[in-house]
Amino acid sequence: MPAVLISGLVKRYGKVRALDGLDLTVRTGEVHGFLGPNGSGKTTTLRVLLGLLRADAGRAVLLDGDPYRNAVELHRRLAYVPGDVVLWPTLSGGEAIDLLGRLRGGLDQRRKAALLERFALDPTRKGRTYSTGNRQKVALIAALASDVELLMLDEPTSGLDPLMEAVFRETVREERAAGRTVLLSSHILSEVEALCDRVTIIRDGRAVEAGTLAELRHLTRTSISAELDRVPGDLARLEGVHDLTADGSRVRFHIDTEHLDKALKLLTESGVRGLTCRPPTLEELFLRHYEAGR
Amino acid sequence: MTGTMTLTRLALRRDRVPVLAWIAVISVLVVAGASAIAELYPQAAQRLALGVTVGSTPALQALTGPVFDPTSVGGLTAWRVTTMASVLAALMSILIVTRHTRAEEEAGRAELVGACPVGRHAMPAAAVLMAAGANLLTGVLIALGLAGQGLPGAGALAFGAAVSGAGWTFTGVAIVAGQLTAHARTANAIAVATLGAAFLLRALGDAARIETLSWLSPLGWAQRVRAFAGERWWVVALFAASGLVLVAVAALLARRRDLGAGFVAPRPGPREAAAWLRSPVALAWRLQRGTLLGWTVAFAVVGTLFGVLAHSVGDVVRDNPQLADLLSRMGGGADAMTDTFLAAELGVLGLVAGGYAVQATLRLHGEESAIRADPVLATAVPRRRWAAGHLGIALAGSAAVLAVAGLAAGLGHGIVIGDPAGQVLRLLGAALVQVPATWALAGIAMLLFGLLPRLTGLAWAALITFALLGQLGELLRLEDWIQGLSPFAHVPPALTGPVDPAPLLGLGAVTTALALAGLLAFQRRDLRGN
Ligand SMILES: Nc1ncnc2c1ncn2[C@@H]1O[C@H](COP(=O)(O)OP(=O)(O)OP(=O)(O)O)[C@@H](O)[C@H]1O
Ligand SMILES: [Mg+2]
């Protein structure tokens, strides 16, 4: 049974359909990237999984339980880092970490001390006096110091500096090695590439793509730039060729990965003198999904 | 000041409905009061009789103020509703100002605005403008309404000026309060506490006939404008000047601090949470204990003052054998007068404790709106336990502040008359009978929070409505069932004989039903996000 299984989930806010038939599967033990443009429904999904919102239709199973009805039992087994961390102005960071850990059913003091050290957080500051990144660290430490099966992280590093981002990646890798499942919503593609086993891309409340990064790459385009003896006239008509430009004997184009073979054949028949072939960058991959349908 | 006008328009756009409601309530109240007095006491002789009764009842004067001209409808109207209308105008001003200054800073929206080409004083200036406008409109409507009732124009104008003047002075109080602390809640608390102190000074001054005390209070000034009783226009200048001075002080303070910061720099806190901080109730206590302590101290001070002064209220009778004779034939006397005074003051404290109950319950709403509820409810805390934590503080806290007030009053009064033990018991009882009525307000707030989280402000409207029903229900000759809508109408008398427990149990049952319905509704609804 996967850690998270969502199918056909619908959540409406008045007329807005924030989730519109979402499917999402997070397998136990994996780090799952959850990506999508602003307002696509990532936070809404996490809040439904936490039982803070009730879905209007569809099915959501979390750690074999019902996120709404079994909320309390399930919450002992998971930890959440909200996208917007707001702390109590009169409580120190250390108090907030202890409190949230205890409310979840206890936290490991040694682990907490180690995390405070690694994230270089001063736990004596009061809530409001923390910077954005330090507030996020408070929530991260509170979540990571608990012994849970599932971590739900909503853009946990949006305020962290590169050094802390590295610490974060290290800790997530350790969590994964310890057998924990991580659902990570993020806009930082390098982070997703570095950490995630599989990703789901969501747009307008619907999953538009899901799979490993290798699988997703396969579905997209390779960019080719070639120096030829002569430019073949039927290149433009070849299936899967996009954005073709010819400049003298030099051609550039994008090709859908499944038609790569045919295009290369055509090129070699035209006398290849130089060839660069670049796999799609993650940015290109995501931009295509984010922009499609705009 | 660049951008003040744009910000004022923004504030109006956000809040025109509640502000217009405030203005309408205040002005309708005044005009209805005048028309009720005209109807009830059509003859000058009747009015004079009322005036004399009032003059000899310090308890009434503590609530409303002195009568300057008992012969005219206008004079009696001024006596009866000036304080009430001024308190409401002051509350309106405080809420407007805090909402559009400190609350905006706290929510971080002020930074968005502050980064735009607007002057650094534009935001407070817009709030002041809006409050001033609201007060002006209130004053104009009152003047027009009273003149429309056929009352003399000069008096009507003076009455309107007194009410809007009080509102204006408290606009200044609120804007200064907003500079002193980083939290909107604390800013409101400081300003409302100042209003409470002003009420208290005036009440003591008027009940014990110490003019200086009354003159220290802007609410005392409002009566001393003497609308319909030989208007003293220069008092209006006191309002104008005090408001201006306070606004200037706030501007000076604002220049010395950063956006979002208060005057007291936050100190570091503990590295670890105390061992007891491990449940939602403990968290609610940790978050609310400071506020509760403030309320408790205030109630202790006020209770002591009332207790110590209560006996001297009876002196009016003791010094006047004819009046004593008259009153004793009506079944009263100096001691009965002291008791009515104490009962009336404890009644006011009961209403104020109702305010505490509403505020403490609505902490739930504050935590939810600030998205501090999400992280707690994402742990193994059931929603009902989280909500019950804050509700529990509200219920226990309102009982505690009333008990403290009763104890303090009993001790003060008891020491003065040489019977501390007896008076402590008596007045503690008289304070505690109010508890179930304040709980009903907590129940209303809880129901709104669960069912209509966007409209939790209605809990405050309910409190004000109950206060008005209690103060004006008789005068306006409202039907019994309408007056009975207020839980405070069911508080049994406790100083004159044994307490009837039935209404207390009834109020307890109503509270339980309201709170349970609120908890159930809260468990079923979506948590509001950002
Ligand atoms: N409380 C609410 N009331 C009304 N609409 C809402 C509410 N919360 C979210 N929405 C809408 O639901 C949609 C999904 O929002 P959500 O916060 O889940 O997006 P997101 O993917 O987390 O975006 P981001 O990347 O910006 O964090 C948006 O269109 C948003 O406007
Ligand atoms: Mg989000």
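In this predicted model, F228(B) sits in the loop that runs between α11 (218–224) and α12 (234–255) of chain B. Most residues other than glycine have a negative phi. With a relative accessibility of 9%, F228(B) falls under the 20% limit and therefore counts as buried.

Along the principal axes, the C-alpha atoms of chain B occupy a box of roughly 70 × 55 × 40 Å. Buried residues account for 53% of the 530 in this chain. When contacts in chain B between residues at least 6 apart in sequence are considered, 76% of them link residues at least 24 apart.

The surface of chain B can be described in similar terms. Its accessible area comes to about 21,900 Å², and 69% of that belongs to carbon and sulfur atoms. The chain carries 37 positive and 27 negative side chains, with 11 Å between the centres of the two sets.

Helix α21 covers residues 458–472, and its 15 residues should span 21 Å at 1.5 Å a residue; the end C-alpha atoms are 20 Å apart, which agrees. The buried residues of α21(B) include A459(B), A462(B), L463(B) and F466(B). I464(B), L468(B), L469(B) and L472(B) are also buried in this helix. An α-helix has 3.6 residues a turn, so residues three or four places apart point the same way.

Helix α23 of chain B, residues 501–524, has 24 residues. From its first C-alpha to its last it reaches 35 Å, close to the 34 Å expected at 1.5 Å a residue. Among the buried residues of α23(B) are L504(B), L507(B), T511(B), L514(B) and A515(B), and G518(B), L519(B), A521(B) and F522(B) are buried as well. Which helices do the buried residues of α23(B) pack against? Their partners are α17 (373–377), α18 (383–417) and α20 (435–451) of chain B.

Leaving out residues up to four places away in sequence, P492(B) touches V433(B), V499(B), D500(B), P503(B) and L504(B). One of these partners, L504(B), is itself among the buried residues of α23(B). The C-alpha atoms of P492(B) and Q223(B), 269 residues apart along the chain, are separated by 32 Å.

Chain A brings strands into the picture, with ten helices and 13 strands. Its C-alpha atoms fill a box of roughly 75 × 40 × 35 Å along the principal axes. Of the 294 residues in chain A, 54% are buried. Contacts between residues at least 6 apart in sequence join residues at least 24 apart in 67% of cases in this chain. Chain A exposes about 12,700 Å², with carbon and sulfur atoms supplying 48% of that area. The mean positions of its 42 positive and 41 negative charges are 4 Å apart.

A residue of helix α10 gives a local view of chain A. L285(A) lies in this helix, which covers residues 282–291, and is buried, with a relative accessible area of 2%. Neighbours within four places in sequence aside, L285(A) is in contact with I201(A), L216(A), R217(A) and T220(A). L216(A) is 69 residues away from L285(A) along the chain, and 7.8 Å separates the C-alpha atoms of the two residues.

Methods:
Residues numbered from 1 in each chain as written. Chains lettered and ligands numbered in written order. Predicted model: local features only at pLDDT ≥ 70, side-chain atom pairs only at ≥ 80, totals over all residues. Heavy atoms only, no water. Buried < 20%, exposed > 50% of the residue type's maximum accessible area, 1.4 Å probe, protein only. Contact = heavy atoms within 4.5 Å. Areas by Shrake-Rupley, 256 points an atom, 1.4 Å probe, with all protein chains shown as cover. Lys, Arg positive; Asp, Glu negative; His and termini not counted. Charge placed at Lys NZ, Arg CZ, Asp CG, Glu CD. Helix = DSSP H or I, 4+ residues; strand = E, 2+ residues; numbered from the N terminus. Expected span 1.5 Å × (residues − 1).
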